[in-house]
Amino acid sequence: MKRIELLSPAGDIERLKVTLLYGADAVYIGGEKYGLRANATNFTIEEIREGCRFAHKLGKKVYLTLNIVFHNEDMDGVEEYIQSVVDSGIDAFIVSDPFIISYIKTNFPSVEVHLSTQDSTTNYKAVEYFQKQGVDRVVLAREVSLKEISEIIKHTGIDIEVFIHGAMCTCYSGRCALSNYVTNRDANRGGCAQVCRFSFEVDGKKDFTFATKDNNLARYIGDLIDIGVTSLKVEGRMRSLYYLATVIGTYREIIDRYYANTLTEDVLKVLEERLARVANRAVSTHYLLKEADYDDQYYTGRNEASNQDYLGQVISYDKEKKLVKFYERNYFSVGDMVELFTPSGERVSFQVEKLYDEDFNLLDVARHPDNIYYIYLDTDIDIVAYSMIRLLHH
Amino acid sequence: MKVLVEVASKNISDYVNDAQALLLGLEKFSVLNTVTFSLDEVQEIIKMYPNVDVFVKMDKNIFNEELGEVKDILCRLEQMAVCGVFFYDLSLLELKQELNLSLDLVWSQTHMVTNFRTCQYYFDEGVRYALLSKEITLDEILEICKKSSIQTIVEVVSLPSVGFSRRKLLRNYYHDALDKGESILSVKEKITGKHYLVKEEGAGTGFLLDEVLNGTSVISSLFHAGVSYILFREEGIDNFLELISDTRKYIADDCSDQHYVEKYKKLGDSTGFFFKKTIYRVKK
């Protein structure tokens, strides 16, 4: 049986590398044109090439979003752009526009096309339509249930990708222009201002809010595997390295343990707790098991908590001196309980005993994010670059 | 170019003197209508008014369990003299092709009908009409008319729909506010001060800008570009029948009567995106 794919977002080349190291089987990225995150860093053609080279060496894949809703002017140069991305080694395009789908499948039949969730595909007849146009995979609308996903797979046999984690739109994807009307930013060309997270005034009554909680299907990964889903997608091309490392690393463990039959309830609870610590919003399963309802949204405007758990990103480890060299990300001090975790999933918890600045002066606290520090750690685990240090408690 | 009217009442006889075409929301399968019609009612209207072009709106997102009914409806519509079916969900196009129906379809994906190449794609797939998105400029509309073979429909007067969710957002809001609530709520966006109508119905919750899109000044350009229909949605528009009557006369006169344009400045100065391009890159 083919193992399910874990698909991660990557906002830049560093995130691409890190998330693949942390266990993603494939990444999706945005180019400098035609993606729905026009204000993210995004990849140049050279970076796409570098990302593909890096991924392919690991036997992994890279997909490029080309999923804006095209206006006339956007069509200028799109063929040349597609050609240059294909030449860079891309494995698949994520597309919403059927003309673009047809163009890619006609001219580059060996490159996969994945139908974007922007099309809000919710039934097997719509899937069959795109299947006939040569689409290789469909990213379903986030409004469908587990039962409906299963029916779609049974009827079509096509590869199906499902969002398992991250932010949700309130409206059907593609069926929302609130951002256009409120801010003049084009939601369907990458400029979405997330107006669904604004709070609106109501005469004489409480403000009207309709922001959703985030999506988290960690508990249902086994069900998605069992019904034959091809790919599990994590949302968030603008998320941090630490977030990606934690979320992708955790889902890697859930998937691997499910296949190995070691995903016990106790283990799952620990892993869910790990995901919860990087979440900045409450989570729910939205439409997976029932129609989304009262419990799946907020009633008090924006609800985002900043997270201070992320303490440092490891640069290297000196085994002889037992010193971890790292970039600081958040304030911490001697005596704090911390955990270091590596891309391969190893973890070590310890109390900070000795902390040094870049010139090896002994310190009590690390106060300056982005500065380089050293921390003493005696361990046998294989600490490599892009290992992460997080706070357990002060 | 004909005047297409999305009615807000079941008194069809009120419209047929001046509207050359009617858009009827099909019950259970269309969204954001003031009134909807059963298949039997559609059939009756077609029989009673054979000189009026009747279009049916089936623009909700379709789920697996609804596919059987959608198929039956399309087969019944095939037997009626319907001019076209407005669709959002691609299952309708798939079923038309599978069943080899001659029924004409109108590509009506709200905010996604935005360029001439994709219009041409759908035309080549057997879709006869496209309702162009309200979020593109007049110049873009004219270019689509010029470079695509699809017959175009342009919404010119309405309270524009700006979003649709499957969620029951009003029910949830009232539940939280411990209020019995109604199916329409007026809300104000705090920075722009603009009002929106939030409407909940069976298929979910929609948002309308509570400000009239006044495209009367662009009708002449649309007429000369060969647009097939201009769409007027009745909800929220005062003296609607007079507007329709005047518009029909204006078109019959090759859009040369400047008094029409002057008169309908009273609908307000919101021309939507006809003369305003959206942006999407906000930082370097």
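This is a predicted model: local features need pLDDT of at least 70, side-chain atom pairs count only at pLDDT 80 or more; totals for chains, interfaces and linings use all residues.
Student: Okay, so is A:Val267 buried, exposed or in between?

Tutor: A:Val267 has 13 other C-beta atoms within 10 Å, so A:Val267 counts as partly exposed.

Student: And where does A:Val267 sit?

Tutor: Look in helix α10 of chain A, which covers residues 265-278.

Student: How far is A:Val267 from A:Val86?

Tutor: Their C-alpha atoms are separated by 42 Å, and along the chain the two residues are 181 residues apart.

Student: New topic: helix α2 of chain A. How many residues does α2 have, and how far does it reach?

Tutor: Helix α2 of chain A, residues 45-57, has 13 residues. From its first C-alpha to its last it reaches 18 Å, close to the 18 Å expected at 1.5 Å a residue.

Student: Which residues of α2(A) are buried?

Tutor: They are A:Ile48, A:Gly51, A:Cys52 and A:Ala55. These residues are on the same side of α2(A), because they cover an arc of only 100° around the axis.

Student: Why would residues a few places apart point the same way?

Tutor: An α-helix has 3.6 residues a turn, so residues three or four places apart point the same way.

Student: Nice! What covers that buried side, and what is on the face turned away?

Tutor: The cover over the buried residues of α2(A) includes α1 (13-21), β2 (26-30), β3 (61-66) and α3 (78-87) of chain A. On the face turned away from the buried side you will find the exposed residues A:Glu46, A:Arg53 and A:Lys57.

Student: Which residue with a positive phi follows α2(A)?

Tutor: That is A:Gly59, with a phi near 75°.

Student: Over to chain B. What are its domains?

Tutor: Chain B is divided into domain 1 (2-157 + 212-267) and domain 2 (161-210). Taken over C-alpha atoms, the centres of these two domains of chain B are 25 Å apart.

Student: Last one: what do the buried residues of α5(B) pack against?

Tutor: They pack against α4 (116-124), β7 (151-158) and α7 (219-225) of chain B.

Definitions and conventions: Residues are numbered from 1 along each chain as its sequence is written. Chains are lettered from A and ligands numbered from 1 in the order in which they are written. Helices (H or I, at least four residues) and strands (E, at least two) are DSSP runs, numbered from the N terminus. A residue is buried if 20 or more other C-beta atoms lie within 10 Å of its own, exposed if 12 or fewer, and partly exposed in between; C-beta atoms are placed from the backbone. Domain bounds come from an automatic or database domain assignment. The expected span of a helix is 1.5 Å times one less than its number of residues. The arc is that of the directions from the helix axis to the C-beta atoms. Two residues are in contact if their C-beta atoms, placed from the backbone, lie within 7 Å.
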